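Take a look at the fold, then follow the notes below.

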Amino acid sequence: MNALEAIKARKSTRRYKPNAVEAEKIEQLISAANNAPKAGTFHISVVENQAVLKSLNDAALTSMKNSGNDFLMSRAALDGYQPLYGAPVLFLLSAPEGAPYNQANVSCAAANMTVAATALGLGSCYVIAPLLGLQAKPELVGKIGIPQGFVPVCGVLTGYSDGNAFETAKSTGNNVNYCK
Ligand SMILES: Cc1cc2nc3c(=O)[nH]c(=O)nc-3n(C[C@H](O)[C@H](O)[C@H](O)COP(=O)(O)O)c2cc1C
């Protein structure tokens, strides 16, 4: 699969098989993140500890349910909804607190990871839901190993897809103009 094919094939995966992801593929995804455009630094925590993932998932679900945000509450109310979707791996991307371009830096890295995951035969999903879990259970920040002075900015779930679930609407793509 070439880069254009992977970009086209990528979509958010929201149901995963429990199978572990091979260490070699994890390394390739880290490399994809670190080869993204950046204007600053970020850190990658590779979370595979099942107890931590479950704790983060459960805290995120409770936060979504109690958020007062219509979209988050409607997602959390879906039958069987779990914000981490049973993924065996969460890459949590963090960046130095207060630094400029943190969101841009981690988003470029995360996007690269999702495309690379597709090329490697893995499902993936860019997620902010784990941040809600971390806000509710800050003790997980230390357990995950986010460095001192860094704040979590986004996550990328990965693992082997177990089919479609909790899909979102595709945009129409009518968002271009040309100035020639
Ligand atoms: C900033 C950002 C935050 C997102 N957070 C979540 C999330 O917490 N949970 C989730 O399931 N998807 C999340 N997504 C994925 C989007 O819902 C998804 O990319 C979009 O609906 C398009 O669908 P596709 O990825 O299948 O093309 C997020 C995407 C972005 C860019």
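In helix α2 (residues 23–34), the residues Lys-25, Ile-26, Leu-29, Ile-30, Ala-32 and Ala-33 are buried, where buried means under 20% relative accessible area, exposed over 50% and partly exposed in between, with a 1.4 Å probe and protein chains only. Seen down the axis of α2, these buried residues fall within an arc of 155 degrees, so they line one face of the helix; the arc is taken over the directions from the helix axis to the C-beta atoms. This is a predicted model, in which local features need pLDDT of at least 70 and side-chain atom pairs count only at pLDDT 80 or more, while totals for chains, interfaces and linings use all residues. Residues are numbered from 1 along each chain as its sequence is written, and side-chain values use heavy atoms, with hydrogens and water left out.

**Around helix α2**
- Ala-23 and Glu-24 are exposed on the other side of α2.
- The cover over the buried residues of α2 includes β1 (43–47), β2 (89–96), α5 (102–119) and β4; contact here means heavy atoms within 4.5 Å.
- Helices (H or I, at least four residues) and strands (E, at least two) are DSSP runs, numbered from the N terminus.
- The 12 residues of α2 should span 16 Å at 1.5 Å a residue, and its end C-alpha atoms are 17 Å apart, which agrees; the expected span is 1.5 Å times one less than the number of residues.

**Strands β3 and β4**
- Strand β3 (residues 123–127) is largely enclosed by the rest of the structure, because 4 of its 5 residues are buried.
- β3 pairs with strand β4 (residues 150–159) in the antiparallel sense over 5 bridges; pairing requires that DSSP finds at least two bridges between two strands.
- Ser-124 stands opposite Thr-158 in β4.

**Cysteines**
- The whole structure holds 0 disulfides, a disulfide being a pair of cysteine sulfur atoms within 2.5 Å.
- Cys-108 is in no disulfide, and the nearest cysteine sulfur, that of Cys-154, is 10 Å away.
- Cys-108 counts as partly exposed at 31% relative accessibility, whereas Cys-154 counts as buried at 0%.

- Tyr-85 has a positive phi of about 55 degrees although it is not a glycine; Tyr-85 sits in the loop between α4 (70–76) and β2 and is buried, with a relative accessible area of 9%.
- Tyr-101 also has a positive phi, near 70 degrees; Tyr-101 lies in the loop between β2 and α5 and counts as exposed at 56% relative accessibility.
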